Amino acid sequence: MTVVLKLGGSVVTEKGVPETVDDEALAAAADAVADYHGELVVVHGGGSFGHHHAADYGVSTTEGTHDAAGVAAIHGAMKRLNDAVVAALAERGVPAVPVHPFSAASRGADGRLDLPTAQVRTMLAEGFVPVLHGDLVAHRGEGATVLSGDELVVELAPAVDADRVGVCSTVPGVLDETGAVIDSVSAFDEVASALGGSDATDVSGGMAGKVRALLALDSPAHVFGPDALSAFLAGGDPGTTVAGDDAR
Ligand code: IP8
């Protein structure tokens, strides 16, 4: 069983306090991961590390920077968060190793991401747990732009032939207009009115972009809150199951 797991940046950091890990939340997530013993790729988001610096330098997934100091600040912050996540896993005996996407990935002028994944597959085959993170990416014509953890999940799941994809978020699933968790989504139309259908090109921000991207995968994805991480890793289907035509 191969699992790709995204830990939302807001789950493992104090979102409002720059460069602050939520130690309790990270410890709880790392405890849950340590109880899982199959092939696993972890991706984490930026939380109060990447987003704070990205905002300072006006960088997004489409607006880039040529300021090397800005690149060093944003990428450096993400490496510090990655160090904290890898360390929390390693303390619990998880063979976690860091993978920094900025060193390997690039975007073309059309925004298309090229993410080499042979090293991640080899790490898995050798028994490691690769830990990637939202980062910057060299972007033709833009300098460097933000690469979100959600984009990484969408690239990695087919590359490692994932059986399951988990997105651990601060909310307990995809929510309907009343705030209740929707059990399953098989087409975007089913949730368009609850999520707002206007962000067709947004694969990095907001639940609508996440759901669209997850529907395109050929493995089922689950969106759930931190309390349900253990249940997901134990093979359960907490929160919302997102499975498009190719995943069923
Ligand atoms: O939180 C963003 O990753 P995300 C990474 O997964 C940076 O969108 C550098 C802001």
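**View 1. Asp161 and its acidic neighbours at the surface.** Asp161 is exposed in this predicted model, with a relative accessible area of 60%. You will find this residue in the loop between helix H6 (149-159) and strand E9 (164-168). Asp161 also belongs to a negative surface patch, together with Glu39, Asp163, Asp218 and Asp246.

**View 2. Inside the largest nonpolar core.** Here we step into a core of 36 residues. Val41, Leu132, Leu156, Val165, Val211 and Leu214 are the ones that touch the most other members. Two or more residues each come from strand E2 (39-44), helix H5 (118-125), H6, E9, helix H8 (206-215) and strand E11 (221-224). Helix H8 gives the largest share, five residues. In soluble globular proteins, nonpolar side chains tend to be buried together.

View 3. Leu233 sits in helix H9, which covers residues 229-233. Leu233 counts as buried because its relative accessibility is 10%, below the 20% cut-off. Along the chain, Leu233 and Leu5 are 228 residues apart, yet their C-alpha atoms are separated by 9.0 Å.

**View 4. Arg80 paired with Glu19.** In this salt bridge, the closest N and O atoms of Arg80 and Glu19 are 2.9 Å apart. The pair links distant parts of the chain: Arg80 belongs to helix H4 (residues 68-91), while Glu19 lies in the loop between helix H1 (9-12) and helix H2 (23-34), 61 residues apart. Arg80 is partly exposed, at a relative accessible area of 43%, and Glu19 also counts as partly exposed, with 28% relative accessibility.

**View 5. Asp245 and Arg248, an exposed pair.** The side chains of Asp245 and Arg248 meet in a salt bridge, 3.0 Å from N to O. Asp245 counts as exposed because its relative accessibility is 65%. Arg248 is likewise exposed, with a relative accessible area of 61%. Elsewhere, salt bridges that share partners join Lys6, Asp150 and Lys210 into one network. Side chains of opposite charge can pair when their charged atoms come close.

How values were computed
Residues are numbered from 1 along each chain as its sequence is written. This is a predicted model: local features need pLDDT of at least 70, side-chain atom pairs count only at pLDDT 80 or more; totals for chains, interfaces and linings use all residues. Side-chain values use heavy atoms; hydrogens and water are left out. Patches are made of residues with over 30% relative accessible area and no salt bridge: like charges are joined within 9 Å, nonpolar side chains (Val, Leu, Ile, Met, Phe, Trp, Tyr) within 5 Å. Accessible areas come from the Shrake-Rupley method with a 1.4 Å probe; for residues, only the protein chains shown count as cover. A salt bridge is a side-chain nitrogen of Lys or Arg within 4 Å of a carboxyl oxygen of Asp or Glu. Lys and Arg count as positive and Asp and Glu as negative; His and the chain ends are not counted. The place of a charge is taken as NZ of Lys, CZ of Arg, CG of Asp or CD of Glu. Helices (H or I, at least four residues) and strands (E, at least two) are DSSP runs, numbered from the N terminus. Buried means under 20% relative accessible area, exposed over 50%, partly exposed in between (1.4 Å probe, protein chains only). A nonpolar core is a set of buried Ala, Val, Leu, Ile, Met, Phe, Trp, Tyr and Cys residues joined through side-chain atoms within 4.5 Å.
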